[in-house]
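Biologist: I am new to this structure and would be grateful for a close look at one part of it, the place where the two chains meet. Please describe that part in one connected account.

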Amino acid sequence: MTRYLLRRLAGMVVVMFLVATIVFVIAHVIPGDPAAVMLGPSATAADIDALRARLGLDASMPVQYVQFLESVIRLRLGESIFLSRSVTQALAERAPLTLQLTVLAAALATLIGIPIGVLSAVKRGSMVDQVLTAAAMAGASLPSFWIGLTLIEYLAVRLHLLPVAGYGPPDAGVLERLSYLIMPAIALGIPNSALIMRFTRTSMLDVLQEDYVRTARAKGLAPATVIFKHAFRNARTSVLTVIGLTVAGLLGGAIVTETVFALPGVGNLVVSAVLRRDYPVIQGALLVISGVYVLINLGIDVLYAVLDPRVRY
Amino acid sequence: MSDVALPNARTRSASPLLLLLGRLVRRRLVLISLFILLIMLVAAVGASWIAPYSPRRMDIAHRLAAPSAAHWFGTDEFGRDVLTRCMYGAQLSLTVGFLVVIASLTCGTVLGVVSGYVRQLDGLLMRITDALMAFPDILLAIALMAALGASLTDVVIALGTVYTPRVARVARGATLVLRELQFIEAAEALGASGRRVIVVHLLPNLASPLLVQGTFVFAFSILTEAALSFLGAGVPPTSPTWGNMIASAQEYMQNASWLILAPGLCIVLTVLALQAVGDGLRDALDPRLRRLT
């Protein structure tokens, strides 16, 4: 186990090094002078020179690359150009909200996706299966911003059940905060639940064909026992994998969802940084979000090994 | 015995394309989906001829008009015809999707085959795809848009970069399986050059998994393009897209829900149809999978 963990950690370091390199390349394919682009057409030459010096843009490309890697290793992500605070600080302020939103959406997606996937696999080929499979495909085709706007229109504007958008007054309690997150979590959760449903269905179908499932049925066990004790237990490791895959979808979807619902999270930060060309913030967000993704997937692989003793490290 | 077996084998291999089409059309969902895609294609290609109005023609007297005989999908806040704008949106979405599929299939196949064939490069190339896939689709696309610009080409480059690793993964996986098979070994034993093995024996067998993957890339790139233009990071708002139509309709949706409904349905129907066709293709091309699902 220790050796496996060490090997995976080494692989993670390599991937993160490549991630940092990609982030560096993205920031340097900007046509023209990045400092001029960031400050806009009204900037004076002196301002642009000052920003160039601050960002270290006067050095040669290899020197900039080494400096960039060094600052990434020290977790120094630089200063935002428009927010008058460090990128780390800006991200840290907004991370808790995005974390709550994605966890809530992931829980929702799992709670919808897994039971429906199991049901669909058990009733394979029936009308129920066909309807559920079609519904999942439709769910995966819905843009989360469209779901979000439709929810706002019906649940908030017409029925006044939930607040329209935003995150409430600063002194709002936990429950009030939660009410602001319900619609965003649904908008983000539905497309991802479709993914989980389809994957659960396929892994359950695989397992249901196994001989031991037939044996369990043949010896007269109740169908529910066969499905949950024999089949689902063996399907759950692959379901774990797909939950890991949806992490990327959730983190990406949060960017769009937070914009629709005007939630001050990391996604909102990224969008406003992109629209204002605040490159240090974009770079920092790219690094942190991909880092989170890589870490979660490492965690899932380890959990996979714990849940399924057959997995050899 | 061989007299009986031969004609049978010949008819089976006579027209694989026709057989595939036959299998596809037999599934009702796929048939409906192909029909939807055909409508979208006609609307997109023929937008400049069959669209009832000009996409930029404003008519303040009829702003925010509900759907009617004159304006099937209603009008927007400037009195522009929503149906017309949806058709031009289809033009952009389908163009982006098509170009992204071409770009990512080309780059992804080259990377995947190289990775599957050249052991020394495999590790590095796969770690690079790992790294690229560590960014959520939209995040990578939006960051690339911030760096590149806002033209159609920039959107295609950004989305092509996002989806190339996925294609490369599929191409590599299939290459690794295929190169162990006997017909490749036989070709190599007969002295075929590496290039000949790849072009004549490997690539035709990669076609089906790549075709399926290409259909899904088409669907995802339409969704991601819509998200980009919704966020204001796609092509400039002067050209109508499904995403930016929804974005500008947000303020008016209380009084004019058709502004959100029409482009939204365009996105959903197109993406849904593409996914259904992709599923249908996968089942039709790989009978082993059909038995499972």
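**Where the chains meet**

Modeller: In this predicted model, 41 residues of chain B are in contact with 42 residues of chain A. On the side of chain B that touches chain A, four helices each supply at least two residues: H6 (119–133), H7 (137–148), H10 (194–231) and H12 (258–285). Of the elements of chain B, H7(B) gives the most to this side, with 10 residues. Sorted by class, the side of chain B that touches chain A holds 30 nonpolar, eight polar and three charged residues.

The nonpolar core is the next point to consider. The largest such core has 166 residues, and those with the most contacts inside it are A:Val270 and B:Ile142. H10(B) provides the largest share of this core, 17 residues. When its neighbours within four places in sequence are left aside, A:Val270 is in contact with A:Ile255, A:Ile282 and A:Ala285 in chain A, and with B:Leu139 and B:Ile142 in chain B.

Of the 313 residues in chain A, 39% are buried. Among the contacts in chain A with a separation of 6 or more, 71% are between residues 24 or more positions apart.

Terms used
Residues are numbered from 1 along each chain as its sequence is written. Chains are lettered from A and ligands numbered from 1 in the order in which they are written. This is a predicted model: local features need pLDDT of at least 70, side-chain atom pairs count only at pLDDT 80 or more; totals for chains, interfaces and linings use all residues. Two residues are in contact if their C-beta atoms, placed from the backbone, lie within 7 Å. Ala, Val, Leu, Ile, Met, Phe, Trp, Tyr, Cys and Pro count as nonpolar, Asp, Glu, Lys and Arg as charged, and the others, Gly among them, as polar. A nonpolar core is a set of buried Ala, Val, Leu, Ile, Met, Phe, Trp, Tyr and Cys residues joined through C-beta atoms within 7 Å. A residue is buried if 20 or more other C-beta atoms lie within 10 Å of its own, exposed if 12 or fewer, and partly exposed in between; C-beta atoms are placed from the backbone.
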